[in-house]
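Me: I've got a model open and I'd like to learn how to read its side-chain contacts. Can you take me through them, one feature at a time?

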Amino acid sequence: MTAIKHALQRDIFTPNDERLLSIVNVCKAGKKKRNCFLCATVTTERPVQVNVVKVKKSDKGDFYKRQTAWALRHLAVVDAKDAVKESPEFDLHFDKVYKWVASSTVEKNTFISCIWKLNQRYLRKKIDFINVSSQLLEESVPSGENQSVAGGDEEAGDEYQELNAREEQDIEIMMEGCEYAIANAEAFAEKLSRELQVLDGANIQSIMASEKQVNILMKLLDEALKEVDQIELKLSSYEEMLQSVKEQMDQISESNHLIHLSNTNNVKLLSEIEFLVNHMDLAKGHIKALQDGDLTSSRGIEACTNAADALLQCMNVALRPGHDMLHAVKQQQQRFSDLREQFARRLASHLNSVFVQQGHDQSSTLAQHSAELTLPNHHPFHRDLLRYAKLMEWLKNTDYGKYEGLTKNYMDYLSRLYEREIKDFFEVAKIKMTGTTREGKKFATLPRKESAVKQETESLHGSSGKLTGSTSSLNKLSVQSSGNRRSQSSSLLDMGNMSASDLDVADRTKFDKIFEQVLSELEPLCLAEQDFISKFFKLQQHQSTSGTTTNEVEEMDGVALSRSYTSGVPQTVSSEKDMIRQMMTKIFRCIEPELNNLIALGDKIDSFNSLYMLVKMSHHVWTAQNVDPASFLSTTLGNVLVTVKRNFDKCISNQMKQMDEVKISKKSKVGILPFVAEFEEFAALAESIFKNAERRGDLDKAYIKLIRAVFDSVEKVANESQKTPRDVVMMENFHHIFATLSRLKISCLEAEKKEAKQKYTDHLQSYVIYSLGQPLEKLNHFFEGVEARVAQGIREEEVSYQLAFNKQELRKVIKEYPGKEVKKGLDNLYKKVDKHLCEEENLLQVVWHSMQDEFIRQYKHFEGLIARCYPGSGITMEFTIQDILDYCSSIAQSH
């Protein structure tokens, strides 16, 4: 171990000006193969630095390298693990705990002892040694500081000590002065001894010479001590003199403290009084305004509003702890409470009077509106009441009971006022819609009592013989010619049974304008009233931006109704919106039933009016939902829209039902069926009404239902027809349907348009083939026999050798069909076709041209057979294709 110690001192610590004092061979706990050395070192220069250095043998050679160094001042605890039982394990607590296992217990104890000595000698901070044997520490305890240092030097001297650079330099200087020292050591030693004696003598003389100076110094010290005693005596007398002054100053200080405390309390008291006076003192002008302020003039209302706000601020002031126990504060609060109650009663009474007075003024204007289709304007009434809006807000915050009472009174009174106005308004609308009485006289436009107007209107609507509920012209009429239909329609009109096809376009336009005017008058009335309610009663009308709103569309009877659901909106906002809806519902409770009655009347006058109402109502519902989906107006119009949609569906269903019930005449030709013409009228009317409408989808669905019903009914009538051939009924009616769809260009019926064209073409061809038949019957039978022989295998050029089909027989048959006979047969055919076809559709020339083409096709077929079966015979027909064209043209012109 000594050799290792010398090697470490030489290789590692001497170059760093350090001295190695102790060494221990250790390994980390649990890793016994990785050995290293812990070294306790001190620096040779002052101030002395004590370190614990970890030295490890290099993996690439036999030399050692410095790995880690810890300053001894950072060592907190040395734990020897067990003070009684010998153990090689020990812990050093630096920045963290390092656990070591020494190669032997002796080395561990020696190293810990060295650490203890260095701690005692160099460090002010003492290290804790735990689980260390007391004997080990006692052996190392020095008798004094000098002994500790000496002991350390002796221990250090026991080992080999090398000269440092300074010592080497001094020795070199001394030996340079004695060059012979190397040759004669004894002479050098004698010289050194002599010089030492000279130095000792000089030292003794110096000591003896300084004894006199020491005596002088001692005398001076004695004199100084005497002076100090005198000064102490003076200080004692001064202290006795200042003792009385100190007592007086203490009294003055205590008095100043009490004065300062009193001043502080006075300042705080003044602050509290100023706070109460500034925040709980109501000006006399405000008190007078609350007690006797004028609530009729704008200036008085403004003064009362300012006074009410000031009173509310005084009552809502945040009092400091203890203020509410003061008698004056309690009195002031009671006074404020009395003022609030008194002003709240006075305000509520005045507003109730304003409601009544404004109502009387509004009722006086009803007479001038009763004869016109306009609703009275409530803007002046709202403008006058909005002056009290801030006072209503004050009442809502201070006395909610009276605020709620005013709200109820307003709803009760306004509901009666609006009910009278709206009912009169709707009665005028009904009168304008119906137009005339049964006697043909115009209704009087002068104002009448509500009961009389209602009774007269009900008597008019009850006359089912005059205004039919079924407006479709698909009545149970026999299928007849257009002239018969016109005459029968005229007779029906004379009987008073009016159908939709015979209603004047101006009447429908008038109904549309009246219905639009009704909705246009109701919409601003409801919006203005809702806006006024939210402003006057200080209710939240629109949703808070902190919430999110989702609109869900619920379809009822095919009508999309938007319903609003609010999430994240404060409860107060939601309840205030509900209150607005409740107030509007109560005030305008008569709007929905009156609208339903008006809709029923319009539907009774003419079921086609449901088209106008569906478009108008859908547009107004869409507009109202864009403004506020949850508003009263949006909800009410949405509910009424459901009724309108049902009437529209009922109108479509009635037309389809009447198609199923239609009967045809057995004695007259069919022609264009009534419901086909009715569909044309319906489609033309609907296209004009639903142009750019929001509810186009409902019309497209109705189109599909109606056109399929028309197709089925045409098929049914064609199958039941006895007078007119089935192909003619199908051809004419599907041609009419195709022409109608082509003219109107309804995109959703493109497939049906193609189907109608196909049916028309197929039945035209079928009728032509069936009606034309075989105009050259015998000739046709002859050539059928020829084709039969060919089919049996006889060659075409050999058919003429057959006895029944020779050239002589062919000439006989051809002679039976001269041009005159052919023209006569075609003329009879033309008359027959003319009897089948109707004049309305004007298809005679189309059918005649098709028959001409078919006849020419047969003629060419016969000529082809003659050319193939009788070649070179020179046999020809007695008329040509040009003759056929001339015959057909002359027949058509003659008729």
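This is a predicted model: local features need pLDDT of at least 70, side-chain atom pairs count only at pLDDT 80 or more; totals for chains, interfaces and linings use all residues.

Me: Let's start with the aromatic rings. How many aromatic pairs does the count come to?

Reply: The general idea: a pair of aromatic rings is described by the distance of the centres and the angle of the planes. Rings of Phe, Tyr and Trp (its six-membered ring) pair if their centres lie within 6.5 Å; planes under 30 degrees apart are called stacked, over 60 edge-to-face, and the rest tilted. By that rule the count here is 29 aromatic pairs. Take Phe355 and Tyr410: their ring centres are 5.3 Å apart and the planes sit at 65 degrees, so this pair is edge-to-face.

Me: Where in the chain do Phe355 and Tyr410 lie?

Reply: Phe355 belongs to helix α9 (residues 327-363) and Tyr410 to helix α13 (residues 400-434); they are 55 residues apart, so the pair links distant parts of the chain. Helices here are DSSP runs (H or I, at least four residues), numbered from the N terminus. Phe355 and Tyr410 are both buried; that word means under 20% relative accessible area, while exposed means over 50% and partly exposed is in between (1.4 Å probe, protein chains only).

Me: And how does the pair of Phe532 and Phe536 count?

Reply: That one is stacked, because the ring centres are 5.2 Å apart and the planes are at 15 degrees. Both residues lie in helix α16 (residues 505-536), 4 residues apart, or about one turn of the helix. Phe532 counts as buried at 2% relative accessibility, and Phe536 counts as buried at 0%.

Me: Which residues do ring pairs link into a cluster?

Reply: Phe355, Tyr400, Tyr403, Tyr410, Phe532, Phe536 and Phe537.

Me: On to charges. How many salt bridges does the structure hold?

Reply: A salt bridge is a side-chain nitrogen of Lys or Arg within 4 Å of a carboxyl oxygen of Asp or Glu. The structure holds 32 of them. In one, Lys402 meets Asp399, with the closest N and O atoms 3.1 Å apart. Lys402 is partly exposed at 24% relative accessibility, whereas Asp399 is buried at 14%.

Me: What about salt bridges within a helix?

Reply: Look at Asp578 and Arg581, whose closest N and O atoms are 2.2 Å apart. These two are 3 residues apart in helix α17 (residues 571-587), so about one helical turn separates them. Asp578 is partly exposed at 29% relative accessibility, and Arg581 is partly exposed at 27%. Then there's the salt bridge between Asp649 and Lys645 (2.9 Å, N to O). That pair lies in helix α20 (residues 632-661), 4 residues apart, again about one turn of the helix. Asp649 counts as partly exposed at 26% relative accessibility, but Lys645 is buried at 6%.

Conventions: Residues are numbered from 1 along each chain as its sequence is written. Side-chain values use heavy atoms; hydrogens and water are left out.
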